[in-house]
Amino acid sequence: MQVRDYMSPAPVTIETSADYQEAFSVMQEKNLHHLPVLDATGTCAGLVARRDLQLAARCFQEAPVEIGEIMHKPVTTIAPDADLGTAVALMMDDHIGCLPVSDNGGGHLVGIITETDLLRALQDLLAAGGR
């Protein structure tokens, strides 16, 4: 089982210069919990989670703050042909809920794999009789 089999292709992203309130709106509108953050060259520069934005809202309230100031960096990415076990290990080791999927180490995102995607893989495995 490979990452490409369970990732969500063409992830919704946001730029480092975007305001955190804009990111929060995108997450609410699309029902997302994580957004990869791209720099001006389109490279994945970080990751922001819904809880990061909730914390920013409490700290900064109405003040404009760029995502680049609150995102997690450096970001851990994974290749689409990586084994799902590798994705699980990275997420557990780094205590993160998702991994941006890149075909060249972060420069070009092709997807995102989340805890929910991994649970779907587990469900498929169990349904197939795996234990």
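Reader: Hey, which strands does helix H6 lie across?
Author: Helix H6, residues 115–127, lies across S1 and S6, and runs at about 70° to S6. Helices (H or I, at least four residues) and strands (E, at least two) are DSSP runs, numbered from the N terminus. This is a predicted model, where local features need pLDDT of at least 70, side-chain atom pairs count only at pLDDT 80 or more, and totals for chains, interfaces and linings use all residues. Residues are numbered from 1 along each chain as its sequence is written, and side-chain values use heavy atoms, with hydrogens and water left out.

Reader: What order do the strands of that sheet come in?
Author: The order is S1-S6-S5, in an open sheet of 3 strands with antiparallel pairing. Two strands pair if DSSP finds at least two bridges between them.

Reader: And why is one side of S1 and of S5 left without a neighbour?
Author: S1 (8–9) and S5 (98–102) stand at the edges with a single partner strand each, so one side of each has no neighbour in the sheet.

Reader: How many bridges join S1 to S6?
Author: 2 bridges, and S1 and S6 (residues 109–114) run antiparallel. Pro9 stands opposite Gly111 in S6.

Reader: What about H5, which strands does that one lie across?
Author: Helix H5, residues 84–94, lies across S5 and S6, and its direction is at about 130° to S5. Angles run from 0 to 180 degrees between N-to-C directions, and axes are lines fitted to C-alpha atoms, for helices over the stretch in contact.

Reader: At what angle do H5 and H6 pack?
Author: About 140°, with the axes 11 Å apart.

Reader: How many bridges join S3 to S4?
Author: 5 bridges join S3 (residues 34–38) to S4, and the two strands run antiparallel. Pro36 stands opposite Leu47 in S4.

Reader: How do H2 and H3 cross, and within what distance?
Author: The axes of H2 and H3 (residues 50–60) come within 10 Å and cross at roughly 140°. That makes H2 oblique to H3. Tyr20, Ala23, Phe24, Met27 and Gln28 in H2 meet Arg50, Leu53, Gln54, Ala56, Ala57 and Phe60 in H3. That contact has 8 nonpolar residues, 2 polar and 1 charged.

Reader: Last one, how many helices and strands are there in the protein chain?
Author: There are 6 helices and 6 strands in the protein chain. From the N terminus, the elements run α-β-β-α-β-β-α-α-α-β-β-α.

Reader: And roughly what box do the C-alpha atoms fill?
Author: Along the principal axes, the box is roughly 55 × 30 × 25 Å.

Conventions. Contact = heavy atoms within 4.5 Å. Parallel < 35°, antiparallel > 145°, perpendicular 65-115°, else oblique. Nonpolar A, V, L, I, M, F, W, Y, C, P; charged D, E, K, R; others polar.
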